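Dear colleague,

Please find below the structure I am handing over to you. My notes on the findings follow directly after it.

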Amino acid sequence: MQGILANMQSLLYLVVLSLGLLAAAESPISPYSLHEKRTHIPAGWSLQRRHEPTSALPLRFALTQSNIDNIEKLLMDVSHPESSNYGNHWTAGQVIQAFAPSEETISAVRNWILENGFEEERVKVTSNKGWIEVDATTEEAERLLQTEYKVYSHASGKNHVACDAYHLPSHIQPHVDFVTPSVHFDARLSRRSDEPARSVGKPGYGSAPKTTGQVDAVEISSTDVSTCDEYITPACLRALYGLDYTPVATAKNSFGIVEYTPEAYLQTDINLFAMNFSEGLYGVSPYMVSIDGGYAQTEYQGFDYNGESDLDLQYGMTLVTPAQQVTLYQVGDMVEGASFNNFLDALDGSYCTFEGGDDYTQDAMYPDTEPGGYMGPEACGTATPTYVISTSYSYNEADLTPFYTARQCAEYAKLGLMGVTILYSSGDYGVAGNDDVCLNPNGTQTADGTMFNPTFPGTCPYITSVGATQVNPNSTVYEPESACEQVIYSGGGFSNYFAMPSYQKEAVDYYLANYYPDYPATMWNSTGMSRGFPDISANGANYVVAVNGAFELVYGTSCSTPVNGAIFTMINDARLAAGKSTIGFINPTIYSTDFSGLFNDITMGDNPGCGTNGFNATPGWDPVTGLGTPNFPKLVAKWLSLP
Ligand SMILES: *[C@@H]1O[C@H](CO)[C@@H](O)[C@H](O)[C@H]1NC(C)=O
Ligand SMILES: *[C@@H]1O[C@H](CO)[C@@H](O)[C@H](O)[C@H]1NC(C)=O
Ligand SMILES: *[C@@H]1O[C@H](CO)[C@@H](O)[C@H](O)[C@H]1NC(C)=O
Ligand SMILES: *[C@@H]1O[C@H](CO)[C@@H](O)[C@H](O)[C@H]1NC(C)=O
């Protein structure tokens, strides 16, 4: 009896001891530190009162992702031509697995919440493991986060619960990106719905192609290339870049072109273009993938509504030949529109919640309850990425926060890991931003700003940025092109957000060492440490495009981007036919010594903006035309020599 009691006592003692040890090991008594703080209340909002202690508050903890700091290394491993893993791209499942929060992160945050008295059944981990959800009361949340919740109201009548700052124990901080609701003012405000979408997300707002009007007085040859200095046709582009290729692996391939509603193509325009310039394209349509209610709307017509889509599809579909399917990603509804994040959510379901998900102030939210809005659920992992994706829309980097751009840029790296080539137009205003605005020292953008204003995603190091060139007046396609100086100027320069990636260091260092731009450091990022763009270019002047039943002359990096997209799609065709991988993220390859010389170096012209002549096109890489324009025969041969 005694013995048993003694044993039980020591057993109890052991249990207590190990519990104590466990508690000590899993929850070091760590002091709380400030996690996030807001500097001001956004315009239009005013403080009403403290939030009631007993009201429900759905707390959500965004968990930190694994491996994000390694993403550049992981991407280089499958994209660098000298890597033994070149072309060993990942599956979507491998990408999700690699970047999901670790078990350590999940259990650290979960245990800390349980230790604070929440019952197990109230603490849930979402199925994608990105979040921990706790339905707390305000009182409980205030204790857990050492904060005070308040109710704010907006002039529109909307209420929002937020705090000024909140705290987390220092051992929990590395595992949590942020908590909602907290300091964020992400309440959605109603928008006027009597105009078609043009505002939300604003991709392309100010970055649309330009036109100098119709060319109905002349008859332009579809085969003769003697007037390419005045009229660019598919034949001119084939001659300029040596694109004489018949695809053979069409069933395994597709070329993706992204458009944002209300921008839409007209089949009648594709047919008109086919009759004059693209034999075999008559009646051919792109394969449309609708995202978030996107459709080829016809209610609104004109250059502003059809110019971009008609251009991208007429040239994209012609250059890959009508035998190769083109996938049109038509993104966003008529009322709200959509953003690049909405598109990326559709391609990768894990991005919908990555680092807290989309930003209510920039990205569209569906279902859209406004009259006429898309009432379906937000697209999340519903679309498959094509091997090449061309987008001729852009923002100014300064329109977006560093956090927002970094989150999106990491997603492009994930697509690169999966073997996808992402192309974005570099902008049409030289060193100025879309809409020809420049930066002020206080961060605002105005027409009289003096600081160069780079575009995004051009400055993301994990996409390929495309600038624009021109056939010089009275020159032929067999003479060197210049940077585009007709109607538009090729967007280019240096990022204020993104560091220079290793793959372009040699090229950019060479440019800065030999052709240092003579502008004060107050006007551009002269640190020599930031991402330079564009990476490459192609012709962007005088495109003959069928728009609303007539031919117009069109200008912009909107033209040059799908042209490069078509060329890389044909290089993928050759590699797929040879049983090889797709070319994926091309930048480490194209900047390598074996490849950089396979572009036609552009050494004439500049890209004015912000009251300056901008940068000069120079031998080698430059922040006007990048490495130059593609030489298809040389590039396809070299790429076929890679594993
Ligand atoms: C398109 O073809 C028609 C019929 O041949 C011709 O009249 C017209 O001038 C052509 N348009 C252009 C821009 O070449
Ligand atoms: C920012 O600077 C510009 C140019 O100096 C000035 O016009 C503008 O009023 C300033 N805006 C704010 C919000 O400070
Ligand atoms: C091109 O040639 C035309 C006709 O010969 C001439 O009038 C024009 O000035 C030339 N333009 C340039 C830029 O040389
Ligand atoms: C220049 O770029 C670097 C790297 O992207 C960045 O850290 C720095 O803040 C930028 N400088 C300015 C003045 O924007």
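The model is predicted, so to speak of local features requires pLDDT of at least 70 and side-chain atom pairs count only at pLDDT 80 or more, while totals for chains, interfaces and linings use all residues. Residues are numbered from 1 along each chain as its sequence is written, chains are lettered from A and ligands numbered from 1 in the order in which they are written, and side-chain values use heavy atoms, with hydrogens and water left out.

I begin with the backbone. Proline 457 sits in the loop that runs between β19 (455–456) and β20 (464–470). The peptide bond joining phenylalanine 456 to proline 457 is cis, with omega at about 10 degrees. A cis peptide bond also links threonine 261 and proline 262, where omega is about 15 degrees; proline 262 belongs to the loop between β11 (255–260) and α7 (267–277). Asparagine 67, although not a glycine, has a positive phi of about 65 degrees, and its place is the loop between β3 (56–63) and α2 (71–79). For context, most residues other than glycine have a negative phi, and most peptide bonds are trans.

Next, the helix packing. Axes here are lines fitted to C-alpha atoms, for helices over the stretch in contact, and angles run from 0 to 180 degrees between N-to-C directions. Angles under 35 degrees count as roughly parallel, over 145 as roughly antiparallel, 65 to 115 as roughly perpendicular and the rest as oblique. Helix α6 (residues 234–241) packs against helix α8 (residues 303–319) at about 55 degrees, the axes being 10 Å apart. α6 is therefore oblique to α8. The crossing of α6 over α8 is right-handed, a term used when the near helix is turned clockwise from the far one by less than a right angle (left-handed if anticlockwise). α8 also meets helix α12 (residues 557–577), with axes that come within 9 Å and cross at roughly 25 degrees. These two helices, α8 and α12, are therefore roughly parallel to each other, and their crossing is right-handed.

Two ligand sites remain. A residue counts as being around a ligand if one of its heavy atoms lies within 4 Å of it, and a polar contact is a pair of N or O atoms within 3.5 Å.

Which residues surround ligand 1? They are Val218, Glu219, Ile220, Asn276, Phe277 and Phe551. An oxygen atom of ligand 1 lies 2.4 Å from a side-chain N or O atom of asparagine 276, and an oxygen atom of ligand 1 is 2.8 Å from a polar backbone atom of isoleucine 220. The protein covers 59% of the 360 Å² of accessible area (Shrake-Rupley method, 1.4 Å probe) that ligand 1 has on its own.

The shell around ligand 4 includes Ser495, Tyr497, Asn525 and Met529. Strand β22 (residues 493–499) gives the most to this shell, with five residues. An oxygen atom of ligand 4 is 2.8 Å from a polar backbone atom of phenylalanine 498, and a polar side-chain atom of asparagine 496 is 3.3 Å from an oxygen atom of ligand 4. The protein covers 52% of the 360 Å² of accessible area that ligand 4 has on its own.

With kind regards

Note on methods
A polar contact is a pair of N or O atoms within 3.5 Å; within protein, one must be able to donate a hydrogen and the other to accept it, and residues adjacent in sequence count only if both atoms are side-chain atoms. Helices (H or I, at least four residues) and strands (E, at least two) are DSSP runs, numbered from the N terminus.
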